[in-house]
Amino acid sequence: MKYALVTGGSRGIGRAISLKLAEAGYAVLINYQSNQTAAEETKQMIEQAGGAAELMPFDVADGKAVEKVLSDWQTAHAEEYIAVLVNNAGIRKDNLMFWMTDEEWHNILNTNLNGAFYTSRFLAKYMMNKKFGRIINIVSISGITGMSGQTNYSAAKAGIIGMTKALALETAKKRVTVNAVAPGFIETDMTKDLPQDELKKIVPANRFGKAEEVADLVGFLASENAAYITGEVIKISGGL
Ligand code: NDP
């Protein structure tokens with residue numbers, strides 16, 4: 001069995017990625033934090049399409065929990081390993097820096113950036129041992145250009161971009177690629193509070209993207225065919 005872990009795999013972009021990787025033949029470990037109903041729904045969608053999935057709840061920001069859940073899984077699957085990791089779990093809490101609280105800053109950094117560090121640190125060593133692996137980090141245009149009201153989120157996503165580039169250098173010889181995908185505006189729960197009609201005017205493609213479009217790109221990066229792409233940040237933003 002080939003395994004893939006998608007953090008925040010229960011809803012939005014993560015759900016579309018989970019479905020795509022299941023379609024590619026991976027047994028998908030669907031991580032989420034609290035919305036079990038959404039996670040169960042994703043699992044059912046995969047199973048109805050003939051794929052395999054398990055739920056794997058943990059808070060990516062809790063390093064000890066990440067370590068415990070992943071080592072328990074590894075002990076129970078001694079002959080196997082997780083070959084594909086998609087660090088997708090993410091949250092935003094926008095505020096101008098002038099008003100930003102310590103909590104708003106640290107929560108965003110802990111979930112988006114530290115979460116990707118904890119999972120990658122644990123799983124990269126198994127991937128390198130087996131001489132095949134794919135780590136795909138979902139970042140954001142906000143981490144490339146910066147976005148007003150998002151100093152915490154831009155910093156977290158820019159941090160993951162730095163991590164992606166450095167880790168890619170550490171793992172390349174062992175056939176483990178590490179890339180980042182940077183979406184613009186994608187229609188999910190995360191963007192439902194945004195004025196879509198206004199914002200789509202600044203997108204050259206004149207629309208928000210779909211989670212499935214991001215999942216297609218992630219599916220390609222996870223495939224054997226993408227073996228020579230590593231340390232890259234690929235935008236998917238309708239030209240934004
Ligand atoms: P959603 O809000 O739709 O889904 C977020 C997912 O992350 C859920 O599965 C949620 O689980 C999970 N999650 C949140 N916090 C944690 C945590 N601490 N531990 C484990 N899982 C957690 O977001 P999107 O699908 O829109 O976003 C996915 C990724 O794409 C994020 O990294 C986001 O920053 C990035 N992105 C999104 C864009 C967009 O326009 N939508 C644009 C650019 C980047 P639960 O259901 O349990 O809460």
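**Figure 1. Surroundings of Glu-104 in the predicted model.** Leaving aside neighbours within four places in sequence, Glu-104 is in contact with Lys-93, Asn-95, Trp-99 and Asn-152. The structure shown here and in the other views is a predicted model. Glu-104 belongs to helix H4. Its relative accessibility is 13%, so Glu-104 counts as buried, the cut-off for buried being under 20% relative accessible area.

Figure 2. Tyr-118 lies in helix H4. Is Tyr-118 buried or exposed? Tyr-118 counts as buried because its relative accessibility is 19%, and buried means under 20%. Apart from neighbours within four places in sequence, the contacts of Tyr-118 are Val-60, Ala-61, Asp-62, Gly-63 and Val-66. Between the C-alpha atoms of Tyr-118 and Val-66 the separation is 6.7 Å, although the two residues are 52 residues apart along the chain.

**Figure 3. The open sheet of seven strands.** The strands of this sheet follow the order S3-S2-S1-S4-S5-S6-S7, and their pairing is parallel. Strand S3 (52-55) and strand S7 (233-236) are the edge strands, each of which pairs on one side only. On average, neighbouring strands of the sheet are turned by 20° against each other, direction ignored. Helix H4 (residues 102-130) packs on the sheet, where H4 touches strand S1 (3-6), S4, S5 and strand S6 (176-183). The direction of H4 makes about 160° with that of S4.

**Figure 4. Pairing of strands S4 and S5.** Strand S4 covers residues 82-87 and strand S5 residues 133-138. How many bridges pair S4 and S5? The two strands pair in the parallel sense over four bridges. Val-84 stands opposite Arg-134 in S5.

**Figure 5. Strand S6 and its two partners.** S6 pairs with S5 in the parallel sense over six bridges. In this pairing, Ile-135 stands opposite Val-178 in S6. S6 also runs parallel to S7, to which four bridges join it. Here Pro-183 stands opposite Ile-236 in S7.

**Figure 6. Side chains and burial along strand S6.** In a regular strand, side chains alternate between the two faces of the sheet. Val-176, Val-178, Ala-180 and Ala-182 point one way from S6. Thr-177, Asn-179, Val-181 and Pro-183 point the other way. Residues of both sets are buried. Why is S6 described as largely enclosed by the rest of the structure? Eight of the eight residues of S6 are buried, and S6 is therefore largely enclosed.

**Figure 7. The largest pocket.** The volume of the largest pocket is about 980 Å³. Its lining is made up of 43 residues, and those nearest the pocket centre are Asn-88, Ala-89, Gly-90, Ile-91 and Met-190. Helix H1 (12-23) and helix H6 (151-171) are the elements that give two or more residues to this lining. H1 supplies the largest share, three residues. Sorted by class, the lining of the largest pocket holds 18 nonpolar, 19 polar and six charged residues.

**Figure 8. The largest cavity.** The model has one cavity of 30 Å³ or more. About 60 Å³ of space lies in the largest cavity. Residues lining the largest cavity include Thr-7, Val-60, Asn-87, Asn-88, Ala-89 and Thr-111. Also in this lining are Asn-112, Gly-115, Ala-116, Ile-138, Lys-157 and Ile-160. Which helices each supply at least two residues of the lining? They are H4 and H6. The largest share, four residues, comes from H4. By class, five nonpolar, six polar and one charged residues line the largest cavity.

Figure 9. Arg-175 is found in the loop between H6 and S6. Its phi is positive, about 65°, although Arg-175 is not a glycine. With a relative accessible area of 47%, Arg-175 is partly exposed. Asn-206 has its place in the loop between helix H7 (196-199) and helix H8 (211-222). Phi of Asn-206 is near 60°, a positive value in a residue other than glycine. Asn-206 has a relative accessible area of 44% and is partly exposed.

Conventions
Residues are numbered from 1 along each chain as its sequence is written. This is a predicted model: local features need pLDDT of at least 70, side-chain atom pairs count only at pLDDT 80 or more; totals for chains, interfaces and linings use all residues. Side-chain values use heavy atoms; hydrogens and water are left out. Two strands pair if DSSP finds at least two bridges between them. Axes are lines fitted to C-alpha atoms, for helices over the stretch in contact, and angles run from 0 to 180 degrees between N-to-C directions. Contact means heavy atoms within 4.5 Å. Buried means under 20% relative accessible area, exposed over 50%, partly exposed in between (1.4 Å probe, protein chains only). On a 1 Å grid over the protein atoms alone, a cavity is a set of points where a 1.4 Å probe fits but cannot get out, and a pocket is an open set with protein on both sides within 12 Å along at least five of seven lines; lining residues have an atom within 4 Å of a point. Grid points are joined across faces, edges and corners, and a volume is the space filled by probe spheres set on the points. Ala, Val, Leu, Ile, Met, Phe, Trp, Tyr, Cys and Pro count as nonpolar, Asp, Glu, Lys and Arg as charged, and the others, Gly among them, as polar.
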